[in-house]
Amino acid sequence: MEKEHDHTRHRYGMVIDLDKCTGCGTCMVACAAENNVSVRPDESDKERSITWMQLYKITNGKEFPESEVCYFPRPCMQCEEDGNGGKHSPCVSVCVATATEIDHETGIVSQIYTRCIGCRYCQAACPYHARFFNWWDTYFPKGKGLERYLSPEVSVRMRGVVEKCTFCHHRYMRAKTKAYAEGRKTLEEGEYITACAEACPAQAITFGDLNNPDHAVSKLIKSPYAFRLLERLNTKPKVYYLSKRDWVRKKADNFLPGEFKPVFKVKG
Amino acid sequence: MESTLIHQEPKRCSTRTFFLWTLPWILILGWGGLSAFLCLWKGLNQTNMSNIFAFALWIVFDLGVIALGAGAFFTGFLTYIIGKKELKSIINAAVIIGFICYSGAMAMLGIDIGQPLRGWFIFWHANIHSMLVEVSFCITCYLSVLTIEFLPIILENKKLEEIRGLRLFGHNLHEAMAIFAATGTFLSFFHQGSLGGMFGVMHARPFAARGGFYIWPWTFFLFVLSAIAAGPCFTILCTKLTEKLTRKKLVPDDAIQSLAKISGWLLSIYMILKIADTLGWIYGILPKAGLRLMDCYKEGPYGIWMLITEIIICGIIPAIILMIPKARKKMPWLITASILNCIGILINRFVFIIVSLAIPVMPFDRFWSYVPTWQEWGVGLAIIAYGIIVFSVSYRYLPVFPKERELNMA
C-alpha cells in the first residue's frame, strides 16, 4: 500500500526540461522583477551582479555540424543536505548568525536579510554560485518607472548582505492566505508556483510538491532522463533537470573516465 | 620628557631615530586607515572580492597572522604549563606578537563583513553548527586573555612602575599567569582548529572538504598542528629581526634552540599527517566527487607546484633542518628553516581560501581569477605596519626581553 501523503510537510521542488529551454532568459527577467532584485547602472561585472536565476550556456564542445548548445537555468538548488549527511544545506550549516534556514514545512532555504552580517561564508560553501552579495546599495534607476514595479511583498535588500532565490516564498504565503480565507488547509497543485515557472514561454519549468505523488514534478523526476546538478556531492537538491541528450547530463556532474552511464532504450 | 619613560640601561635609540624608523609604518597605517574608511563608507565594492571570491586577501591575511601568532599561546603553554623555564626570556615577545596578530585580525574582520554593526549577531544569533561561530567565540575570548597577558608587561614601564597600585596589580597578574596560559591554550586550540574546520566542512567543495573525527574534519587538527609548528618559528624570526635591527643580543640561545627543536618535531609530525591527509584527499574525497588530482590544478596560476612547494620545500626541508641539532644551531640554517616553515603555513592557508574558491565545481563553470585592489592591500599591509609599530613601541618602552641587560653587559 502506498504511504499516505503528509499534507503538512511539503518538499517544494522544480523540474526544468533542458530540451525545452530556448535560452530566452524570460525566467531571469521574471525572477528579478518579482523579487525586487537591485540593478547596477553597468551590469557588465558578472561576478558581482545579482541573478537569482542564472542562465548558463553549455556546448558539447564539438565542431560544426555536430556542435550543440544547451541553456542551463540555475536557481538556488534548495539543497536538503550538506553533503555529509547533515540535514541542512551546505550554506545553512555554515551560516554564522543563523541568517539562513531550511524550513522543514516547505523544504525552502530562506535568507533573513536583516540578520545576515555579510560574512559570505555561505557563498564560499555553495558550489552552485547561487548566493549573491550586495556589493552596492540597492539601486533602481530613477525616472525609468522601475520603482513603480517594485513588489510590496518582497523586501529590498540593503548593502552588505547575501541574498538568494527563495522559490518566491511570498507567493507561497499569498497562496496559503488565500486558501485559509477559503477555509482550506491545503494548496491545490499550481496554486503556488514560482515566477520563473509561470513566465517560461516554453513551459520548460514545472513546479510543485515533491512529497505529493499526484503533482507533476513527482512524476517527472522518475524519468530516467531526470538528474540533478552535482548530484554526487550529496547535497540533495530539490531542483531537477530533464534532458534526453547524454552530453547534457554528463555536463551536470563530474565523472571519472568510464563512470558516466548513458541511458539506453527507454520505452514510452 | 620621553626619556623618563625609558629605562636607562640598556640604551635605546634617540627619539629622532625612533621617529624616522616608525614614519614609513605610520604612512602605511594611514594608507590602511583610508582604505578601511572607504570600505566602511562606500561598501565592499571598494575591493575586488566578488560572488566567486567571497573570501579573499583579507581572510588570507587573517588566517596567516593568526597561525603565525600561535607562538603566543604555545610558548605560554610550554613556559607555564610544561615548565620550560628557559622560555621565560622569550615569552613576553611571544605574547606581544600574539596580541598584535589577533587584534590585527579582529580589526580586519570588522571591515571584511558586509554589516560591521551587526557583528554582535554572531554571539546573539549563534549557529552552533557553524565552525565560524566557534572561531569567533574563541578568538574574542582569547584576545581578552592576550590583553590580560600583555597588561603586566605594560605595567612594567619605568613610569608606570612608580605607581604602587599598578605595580602590585601587575605583579599579582604575573603570579596568576599560569591560569591565563592554560585558558589561552584551550581557546587557541579550538579556534586554530575551527579555522581549519571552516574549510573542511565545506562538503560541497571537494577541493577543501575533508573527512574527520566526529564533528571535526581532519583540517581541524592539521590547522592546530601547523600553527603550533610555525608559530614558534615566527617568534624566532621576529626576535632575530629585532636583534639585527637593534644590534643587541636579546634572547639566550637555549630559548631559541628550545623553540626551534620543538617546532622541528611538530613540523615533522604535521608533515606526516599532512601527507596522509593529502593522500586520503587524492584517493578518497576527489574520486568520490568524480575528480582527479590534476582536475584541481589544470587552469590558472595555482598549479600543482603549490602543493609541492608547501609539502616538500616549505615542509619536509625545514622539518629536517630543525630536527638536526647541528643544522639548527647554525644561524643561517635556522633562519632559512624558520622562513620556509612560515611560508609553508601561509601557502597552506592561501590554498584553502583562494584556490578552493577559484576552482569551479560545476563542470560547465569557468576558472575565476582575482587581483586585490589598493584598498585591500592597504588594509592588509596596515596590519603589518601596526604590528611593527606596536612591537617597536613595546621594545622601546617596556622590558620585552628580560635577559637583555644581562646579555649586553660587556
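Chain B has a radius of gyration of 22 Å, which agrees with the value near 22 Å that a compact globule of 410 residues would have; the radius is taken over C-alpha atoms, and the globule rule is 2.2 Å times the number of residues to the power 0.38. The structure is a predicted model, in which local features need pLDDT of at least 70, side-chain atom pairs count only at pLDDT 80 or more, and totals for chains, interfaces and linings use all residues. Residues are numbered from 1 along each chain as its sequence is written, while chains are lettered from A and ligands numbered from 1 in the order in which they are written.

**Overall dimensions and secondary structure**

- Taken along the principal axes, the C-alpha atoms of chain B fill a box of roughly 70 × 55 × 35 Å.
- Chain B comes to 16 helices and 2 strands; helices (H or I, at least four residues) and strands (E, at least two) are DSSP runs, numbered from the N terminus.
- Chain A has 7 helices and 8 strands. Its radius of gyration is 19 Å, close to the 18 Å that the globule rule gives for 268 residues, so chain A is as compact as a globular protein of that length.
- The C-alpha trace of chain A spans about 55 × 50 × 35 Å along its principal axes.

**The sheet of chain A**

- Four strands of chain A form an open sheet with mixed pairing, in the order β6-β1-β8-β7; two strands pair if DSSP finds at least two bridges between them.
- At the edges lie β6 (205–209) and β7 (226–228) of chain A, each of which pairs on one side only.
- From one strand to the next, the twist averages 30°.
- Strand β1 (residues 12–17) of chain A runs parallel to strand β8 (residues 239–242) of chain A, and 4 bridges join them. A:M14 has A:V239 as its bridge partner in β8(A).

**Domains of chain B**

- Chain B is divided into domain 1 (14–47 + 376–393) and domain 2 (48–367), with bounds from an automatic or database domain assignment.
- The C-alpha centres of domain 1 and domain 2 of chain B lie 22 Å apart.
- Their contact takes 13 residues from domain 1 of chain B and 14 residues from domain 2 of chain B; two residues are in contact if their C-beta atoms, placed from the backbone, lie within 7 Å.
- On the domain 1 side of this contact, α1 (15–42) and α15 (374–397) of chain B are the elements that give two or more residues. α15(B) gives the most, with 8 residues.
- The residues on that side divide into 9 nonpolar, 3 polar and 1 charged. Ala, Val, Leu, Ile, Met, Phe, Trp, Tyr, Cys and Pro count as nonpolar, Asp, Glu, Lys and Arg as charged, and the others, Gly among them, as polar.

**Helix packing in chain B**

- The axes of helix α3 (residues 71–82) and helix α10 (residues 218–246) of chain B come within 8 Å and cross at roughly 95°. Axes are lines fitted to C-alpha atoms, for helices over the stretch in contact, and angles run from 0 to 180 degrees between N-to-C directions.
- B:G71, B:F74 and B:T75 of α3(B) make the contact with B:I228, B:G231, B:P232, B:F234 and B:T235 of α10(B).

**Interface between the chains**

- The contact between the chains takes 37 residues from chain B and 48 residues from chain A.
- On the side of chain B that touches chain A, α6(B) supplies the largest share, 3 residues.
- The residues of that side divide into 20 nonpolar, 14 polar and 3 charged.
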